Amino acid sequence: MAERGQLPSPSKRLCCRPGYGLGCRLGYRVGGTGLSSGMLCAGSPPAAAAVAAAAAPPPPPLGGLLLGKTQSPESLLDIAARKVAEKWPFQRVEERFERIPEPVQRRIVYWSFPRGEREICMYSSFNPGAEDAAPGGSTVGTAPSGGADTTAENRLPFRRGIALLDGGCVDNVLQVGFHLSGTVTEPAMQSEPETVCNVAISFDRCKITSVTCSCGNKDIFYCAHVVALSLYRIRKPDQVKLHLPISETLFQMNRDQLQKFVQYLITVHHTEVLPTAQKLADEILSQNSEINQVHAVHVPDDFETGDLSNLWGLIFCTEDNSAPDPTAGASTDDENCWHLDEEQVQEQVKLFLSQGGYHGSGKQLNLLFAKVREMLKMRDSNGARMLTLITEQFMADPRLLLWRQQGTAMTDKYRQLWDELGALWMCIVLNPHCKLEQKASWLKQLKKWNSVDVCPWEDGNHGNELPNLTNALPQGANANQDSSNRPHRTVFTRAIEACDLHWQDSHLQHIICSDLYTNYCYHDNTENSVFDSHGWPLWHEHVPTACARVDALRSHGYSREALRLAIAIVNTLRRQQQKQLEMFQAQKKELLHKGVTSITNLEGWVGHPLDPIGTLFISLMEACRVDDESFHGFSDFTENMGQCKSLEYQHLPAHKFLEEGESYLMLAVEVALIGLGQQRIMPDGLYAQEKVCRNEEQLISKLQEIELDDTLVKIFRKQAVFLLEAGPYSGLGELIHRESVPMHTFAKYLFTSLLPHDAELAYKTALRAMRLLVLESTAPSGDMPRPHHIASVVPNRYPRWFTLSHIESQQCELASTMLTAAKGDVRRLETVLESIQKNIHSSSHIFKLAQDAFKIATLMDSLPDITLLKVSLELGLQVMRMTLSTLNWRRREMVRWLVTCATEIGVYALDSIMQNWFTLFTPTEATSIVATTVMSNSTIVRLHLDCHQQEKLASSARTLALQCAMKDPQNCALSALTLCEKDHIAFETAYQIVLDAATTGMNYSQLFTIARYMEHRGYPMRAYKLATLAMTHLNLSYNQDTHPAINDVLWACALSHSLGKNELAAIIPLVVKSVKCATVLSDILRRCTLTTPGIVGLHGKRNSSKLMSLEKAPLRQLLDATIGAYINTTHSRLTHISPRHYSEFIEFLSKARETFLMAHDGHIQFTQFIDNLKQIYKGKKKLMMLVRERFG
């Protein structure tokens, strides 16, 4: 007998089959040794039947049964052979029975090839539709998966394989024992010629165990050529020539035939096999060689792996020798699993991780995780193998160490991949049929990963101090303590804890195995009773753990069992809801009186790492959209678990576990509402908090896809009432803990769903959810003594809500939704407004609501809604008050919008905001924006104001302006003067305010601005007075020749000069005192000497006075000050002058000389000045040389 498996692995089984003689008929044996009874297994009866069926009539054609074309009953031979081919390795068949007739061997070999295309598709493509394909032999490749891009889908190996098969590209198909070979022709493309690929496939027990293809495919999945050949064998089995294993053929040959066979084989393939053939021949002829010392053939390491079937003729099968045969089927110790290229899995995952989320790597990794789930659902052992390979690469990611060293968090998408990794391991270790040694191996590996320092933590940022809640079942007495003692819970901690869970609880087995498990005689109404008042089974377990069981059942293809457990869990939750409501109602008065609340769940179900509510929801929704046959999926669960012991209970169908008229859809919606409405504490850490928000929005998004009917509305009403009345058990209870997760997003969904059916309940729910206690200093602490049955512990800590901005935006969205719905309803609008003012603490969000209300109230297709406009104005006024004393970059926009809103309402609104400006605006805003806009022509036209109304608004604006000028004259005086121009008394009052503030509260720039305004308005003397006041505040040093106030000084001097000699004489001393800059003084001096003071009088008449003398006051004083400024500036500049400034300095001296020469003895003064410079700065030789060249 030859070895099973494919060369060159030396570890394969090697054995001899005794009792063969040359005279034996094909397929029969004589004599033989007995086998131990210990080799028997549960599959022996089918095998015995297969032998007994040897004498049966010949079977129908090979393809007859598979294609379903025969009208006759299936033969016993085929029935038995098919069962044996599924369960037994062929070696066991050979060892169990001495004589195996050839027809039996042929049928076993025939049925050993995979019969369905679903697995071929699973192992050849990332195919999202593969999971929904029908099991068994149905074709899964005939319809595209929903939503997939057709072009991209056609490039998938499975699709391409179908195209190659349909195109007649598969040829030379040959099945020798458990080995299938053939050629697949790849048609010529535009840039590539036609290629022929040699494909070889080994299989065992209806699984492909190895594949080779000359195309050189390097990928996780099978190439299109392997797919094409496999589908050819599945779809056209009658066209495949089938032979028994090659060793059976060799047994029929005598020595001469064997020699001729070998020689011809070597001749045909001499370039490929001659070296190996000669080496084997030398070893066989050597008496002392290893090949002759043992009953097995040693396969050299350099063995050629071309056409392996070409080598068997080199080996003679005698009674004393044995040889490997890759076509002979599996050994008893061979693992029965589909071929998976582990090296390629590792390389692909490593590549995707190295891309860091770019190039769609995150999507590819999610597809790999989906492939693992697909394998688990098919109960394929490669699911765990593949996940192990993926996890090893994740743990080897160098970024983990880098992030840990830098103290930075991993990216959100990468973090979600780790979450999925942990959830998948939870499913794997909770496999109800995994062997203990398998679970022990997984536990060892998980602990190894868990102990690595860079292993990511469950909450994404820092450790979670929550107790080990996973082992809450009584069965967890031997709960693993290692993880609970760790300072941090990692992504693997829950899977490690789940290794201690089991499925042997009799109550649990009855729940998942039977639709008829009830007990009407059960009257225990305690909190942990195992049946409810209907006699329906309940399952009390830590809810996330119980739901993890449901997910594990679903993941391993036990959909019906998962549904049964899900129904029991939901019924338990509903019963707990009712009990909680009863307990709270009994203690409500005491609790409300004390103002005590508590968190009843430290772990929220929404946002939980195990996603319990999402699991229940999906399990129940799947039951709504699949038919009974496909939903039952695999039917051997009870078989594998062991039959449940019959109990003396009354039995009801599974659908009786629901209330009359209820459906799985209603149950799914209700459990989602229960989870979303649960009061739970906000978790620590940014990632955990973001996950709460994300999962809540995802669940609501799924709910929104469901069209509400009357039955679902009843569920909404029921849950809304419970949430409002359930106290500390509900996030919408009357008293909640300060750090409870807010209900804004959920309440918005409830509000929109209930509004068309029960508006009162909708508003009550939404208004209750508006609160955000974490921002209120007087919120209940939740740490006061709690009544019996309402036990919880929340450690004192300062809130660190990283998602607070998102939460506030959701609060704002809820309020906006209510405002929109309440349009036209005065009572509702007032209630919503009150809630907004009480609960929203962000000015930007209140401002957004005000804007939203304004837009809704002023829609173009309807008349303005005055009530909603007033709500908008009230919100705007609140924003003004909130931001009055704080910095807000949108403040100016807010003020302008408020004036627009008030204008839309009418005169009384504008008058009101001006009357109360000091509580709403700064003086600057009130004068420059509010009053100015109110007094504008556009406002008058917009409101169609009559003269009386105009005067009333103008009077309020003037009063506002004067008040603002008194409070802030620096910034409001000019605006006040402008606003009061048309009222003499008000204008004079404003001017007097300016004068009073000029000496203390205003700077020169503000005074110069107002002075210029006065001149522009025809008040030159008032302008002159303000200019002189401004000069007293000014101080220009010698080097400030580009100061912005220079123009104001020149303007003031020009104004004084135009008014007359007295005014000029009065301002020049102020200029001399305030200005030390020589160039500015010389400019003023020249301007004063060009024309006669007062040459243009106040009434435009010419003044015939003579020019002022430089030798008399006040110009003499100005000339002396200018010369002195030049002298001082020169010495100051020479102190730190550099050569590159020499030429500039010479030009400065030239200007100074011009000023010196304006005096009658200026020439002498300048000469003395230059001589002094030469003497004092004689060390600056180059500079002094330039001075001599220019000035002598």
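## Salt bridges, cores and a sheet in a predicted model

A search of the whole structure finds 47 salt bridges, a salt bridge being a side-chain nitrogen of Lys or Arg within 4 Å of a carboxyl oxygen of Asp or Glu. This is a predicted model, in which local features need pLDDT of at least 70 and side-chain atom pairs count only at pLDDT 80 or more, while totals for chains, interfaces and linings use all residues. Residues are numbered from 1 along each chain as its sequence is written, and side-chain values use heavy atoms, with hydrogens and water left out.

Helices (H or I, at least four residues) and strands (E, at least two) are DSSP runs, numbered from the N terminus.

| Pair | N to O distance | Location |
|---|---|---|
| D551 and R554 | 3.2 Å | helix α22 (residues 543-555) |
| E813 and K748 | 3.8 Å | helix α32 (residues 804-821) and helix α30 (residues 744-754) |
| R1087 and D1083 | 3.3 Å | helix α47 (residues 1078-1090) |

The surroundings of these pairs can be described by relative accessible area: buried means under 20%, exposed over 50%, and partly exposed in between (1.4 Å probe, protein chains only). D551 and R554 are both buried, and they belong to a network of salt bridges that also links R373, E420 and E622. E813 is partly exposed at 29%, as is K748 at 28%; this pair links distant parts of the chain, 65 residues apart. R1087 and D1083 lie four residues apart, about one turn of the helix.

A nonpolar core is a set of buried Ala, Val, Leu, Ile, Met, Phe, Trp, Tyr and Cys residues joined through side-chain atoms within 4.5 Å. The largest such core has 311 residues, of which F394 and F492 touch the most other members. Helix α23 (residues 559-594) gives the most to this core, with twelve residues. Beyond four places in sequence, the contacts of F492 (heavy atoms within 4.5 Å) include W418, W425 and W449. A second, separate core of seven residues includes L772, V774, W801 and I807.

The model also contains an open sheet of five strands in the order β4-β3-β2-β1-β5, with mixed pairing; two strands pair if DSSP finds at least two bridges between them. Its edge strands, β4 (207-213) and β5 (241-243), each pair on one side only. Strand β1 (residues 170-176) runs parallel to β5 and is joined to β5 by three bridges.
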